[in-house]
Amino acid sequence: MHDGHDSDIEAEEVVPRKRRKGIYILPNLFTLAGLFGGFYAIVMAMNGRFDQAAIGVFAAMVLDSLDGRIARMTNTQSAFGEQMDSLADMVSFGAAPALVAYVWALTGLGRWGWIAAFVYCACAALRLARFNVNTAVVDKRFFQGLPSPAAAALVAGFIWLMDEAGFQGEEVRWYMFALTLYAGLTMVTNLPFYSFKDLSIKRTVPFAVIVLIALGIAVINIDPPTVMFSLFVIYGLSGYVLYGWRKARGQPTSVISTSTDEPDERGLHK
């Protein structure tokens, strides 16, 4: 016969120990570093150092491209990380470029200036929210609308280029106004922009590809503001070109996947 004491011990051994919830350090460190890049850009703009503000946005963009890939490579994806990444993107690619553009040039346009900055900021929020809810139904090869890091790179790249060329924001305020609206509104279109997600860094590539990458880095270092801005202007126009190309050939222009393997969300396929 077993006494009551032994039964209590057995009962305690059966009850599983609760696992403490935590967060993964590595990918979230990159996310926080990207968030700092956006915050740094705002602070530099307040101090009148607009070249440094633009560099902060570009640094945030590089870090944003790494955190997700690192999470997938190390199998450390989490719902917390996804939410953290989205909130950091709103600061770095939504609020920061809008505020930097406003302080640099748009403030001289009065109400039109802050309207343009707000439209950009609002479109970035809408773009990020739509991305979060449409992830399961969008063709992974394309983005639906201009991605927010690329939109931020257009705005920051123009500021960096003009600042390096010696132009004051007041002199090019209407160009800044037009570009800010273009970047903001293009984010909320349904245009297809290539996502580069089908390029895997785990695959083997020919030696010539590594040489081309080295040459690309060298070209960027010749004149970073001009080269970076030019690249993102081309990318920012590519969605319109691809849309027109598909339309002319009678191909589907929507990036919403119609595969039966994807979840059906009513209204998205219209």
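What is the mean pLDDT of the protein chain, and what share of its residues reach 70 or more? The mean is 84, and 84% of the residues reach 70 or more; pLDDT is the predictor's confidence in each residue, from 0 to 100.

Before you start clicking, two notes. This is a predicted model, in which local features need pLDDT of at least 70, side-chain atom pairs count only at pLDDT 80 or more, and totals for chains, interfaces and linings use all residues. Residues are numbered from 1 along each chain as its sequence is written, and side-chain values use heavy atoms, leaving out hydrogens and water.

**Stop one: confidence**

Colour the chain by pLDDT and select residues 4-14, helix H1, where confidence is lowest at a mean of 50. Then select helix H7, residues 173-187, where confidence is highest at 96. Helices here are DSSP runs (H or I, at least four residues), numbered from the N terminus. Now select residues 258-270: the pLDDT there is below 50, and beyond near neighbours in sequence this stretch has 13 contacts in the model. Contact means heavy atoms within 4.5 Å.

**Stop two: H3 and H6**

Select residues 50-73 (H3) together with residues 148-164 (H6); they pack at an angle of about 150 degrees, with axes 8 Å apart. The axes are lines fitted to C-alpha atoms over the stretch in contact, and angles run from 0 to 180 degrees between N-to-C directions. H3 is therefore roughly antiparallel to H6, a label for angles over 145 degrees. Show side chains to find the contact, with Phe50, Phe58 and Met61 among the residues from H3, and Ala153, Gly157 and Trp160 among those from H6. By class, this contact has 12 nonpolar, 1 polar and 4 charged residues. Ala, Val, Leu, Ile, Met, Phe, Trp, Tyr, Cys and Pro count as nonpolar, Asp, Glu, Lys and Arg as charged, and the others, Gly among them, as polar.

**Stop three: H2 and H4**

Next, select H2 (residues 25-46) and H4 (residues 79-104), which pack at about 15 degrees with their axes 9 Å apart. That makes H2 roughly parallel to H4, the term for angles under 35 degrees. Their contact includes Leu32, Leu35 and Ile42 of H2 and Phe80, Met84 and Leu99 of H4. It has 13 nonpolar, 6 polar and 1 charged residues.

**Last stop: the cysteines**

Finally, select Cys121 and Cys123. Their sulfurs are 9.5 Å apart, too far for a bond. A disulfide is a pair of cysteine sulfur atoms within 2.5 Å, and the count comes to 0.

Key
Helix = DSSP H or I, 4+ residues; strand = E, 2+ residues; numbered from the N terminus. Parallel < 35°, antiparallel > 145°, perpendicular 65-115°, else oblique.
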